[in-house]
Amino acid sequence: MEKIIFDTDIGDDIDDALALTLAVLEPRIELVGVTTVFKNTEKRADLTCCVLEALGETDIPVHVGIGQTVLQAIPDWEQVAEDHQPRQMEILTRRKPSIQPRPIRAVDFIIDTIMSGQGDITLVPVGPLTNIAAALLVEPQLAQKARICLMGGAIDRMKPEWNVLCDPEAARIVFGSGAKITMVGLDVTTKCRMTYDQVKAIGAVQRPINEICFELIHLWGGETPQPRPMLHDPLAVALIVDSTLCETEELRITVETSADHVQGLTVPIDGHPNTSVCIDVDAERFMDYFLRTLTKV
């Protein structure tokens, strides 16, 4: 059984909700807890509770994380967060979860859980790396106790990936921490797009979580009549139980934080490797596994 903490910006792209669902339905994973990150983290926690309740998992703790970036100081941040209401949040007007986020803040939960464990918990951040960086700054020994399998970055393009771009300083801290990191970036995740037939197959299963996933996919798609999600975050979850899905290369990765036009780039540099970078994926096998897991009853 692989223990994980899932750190998410659920509510923007749809793949967070699909990855959370995969983590719960995969019998080889024990989801120790979920933490939220980026802007309106309270609403993200509520959405997480909604998904978990649909999965019948009311005991998995959900913890509200940091909304700001590591170095950002915006006086009206609370208003910025409140104004950030992605489409998927509409579901909370129709579905009110009975479970609530726990009072302990995400960074404290991450530190306490990993430091009291046996070094057998993997952090799976699939949003900006703010919570993870903050935890490492507060407790540097965390790097020796936890593995990190993150969705973010890319080395095959001169364009920053969104999660890293949203808090490049946090990403630089994480990559420089000495922790054992697997980077599941756009190099591989862009090869994993669903067909609409696969979306319909998920919605055809008559159970609450499939109904919610189908609804969330269409809320995310907006005016698109047949939304086809790209499974960035679910691939990071899948690698926890099947590392053979991706080919990796050991590289030393740093994050550009100074030059505006390339800020957030994940750059391979000379030196001792600090990251297992996914460079290729068996996309067909992964997609089959994902669909099978979400439609099995």
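At what angle do helix H1 (residues 15-25) and helix H2 (residues 41-54) pack, and how far apart are their axes? In this predicted model, the two helices meet at an angle of about 40 degrees, and their axes lie 10 Å apart. H1 and H2 are therefore oblique to each other, since angles under 35 degrees would count as roughly parallel and those of 65 to 115 as roughly perpendicular. The crossing of H1 and H2 is right-handed. On the side of H1 the contact is made by Leu20, Thr21 and Val24, and on the side of H2 by Thr48, Val51 and Leu52. Sorted by class, the residues of this contact comprise 4 nonpolar and 2 polar residues, with no charged ones.

Helix H1 also holds leucine 18, which counts as buried because its relative accessibility is 0%. When neighbours within four places in sequence are left aside, leucine 18 is in contact with Met194, Cys213, Ile217, Pro229, Leu231, Pro234, Phe290 and Leu294. A separation of 17 Å is found between the C-alpha atoms of leucine 18 and glutamate 284, two residues that stand 266 residues apart along the chain.

A second pair of packed helices is formed by H10 (residues 196-203) and H11 (residues 208-221), for which the angle is about 140 degrees and the distance between the axes is 8 Å. H10 and H11 are therefore oblique to each other, because an angle has to be over 145 degrees to count as roughly antiparallel. Tyr196, Val199, Lys200, Ile202 and Gly203 of H10 make this contact with Asn210, Cys213, Phe214, Ile217 and His218 of H11. The residues involved divide into 6 nonpolar, 3 polar and 1 charged. Two of the H11 residues named here, Cys213 and Ile217, are also among the contacts of leucine 18.

The loop between H11 and helix H12 (232-241) contains methionine 230, which counts as buried because its relative accessibility is 15%, a value under the 20% cut-off. Residues up to four places away in sequence not being counted, methionine 230 touches Asp15, Thr189, Thr190, Cys192 and Arg193.

The buried residues of H5 are Thr130, Asn131, Ile132, Ala133, Ala134, Ala135 and Leu136. In helix H8 (residues 168-175), the buried residues are Pro168, Ala170, Ala171, Val174 and Phe175. These five positions lie on the same side of H8, because the arc that they cover around the axis is only 155 degrees.

The loop between strand E2 (29-36) and H2 includes phenylalanine 38, and lysine 39 lies in that loop between E2 and H2 as well. Phenylalanine 38 has a phi near 85 degrees, a positive value in a residue other than glycine, and phi of lysine 39, likewise a residue other than glycine, is positive at near 55 degrees. With a relative accessible area of 9%, phenylalanine 38 is buried, whereas lysine 39, at 25% relative accessibility, counts as partly exposed. These assignments follow because a residue under 20% is buried and one over 50% is exposed, with partly exposed residues in between.

Note on methods
Residues numbered from 1 in each chain as written. Predicted model: local features only at pLDDT ≥ 70, side-chain atom pairs only at ≥ 80, totals over all residues. Heavy atoms only, no water. Buried < 20%, exposed > 50% of the residue type's maximum accessible area, 1.4 Å probe, protein only. Helix = DSSP H or I, 4+ residues; strand = E, 2+ residues; numbered from the N terminus. Arc of directions from axis to C-beta. Axes fitted to C-alpha atoms, helices over the stretch in contact; angles between N-to-C directions. Left-handed = near helix turned anticlockwise from the far one by under 90°. Contact = heavy atoms within 4.5 Å. Nonpolar A, V, L, I, M, F, W, Y, C, P; charged D, E, K, R; others polar.
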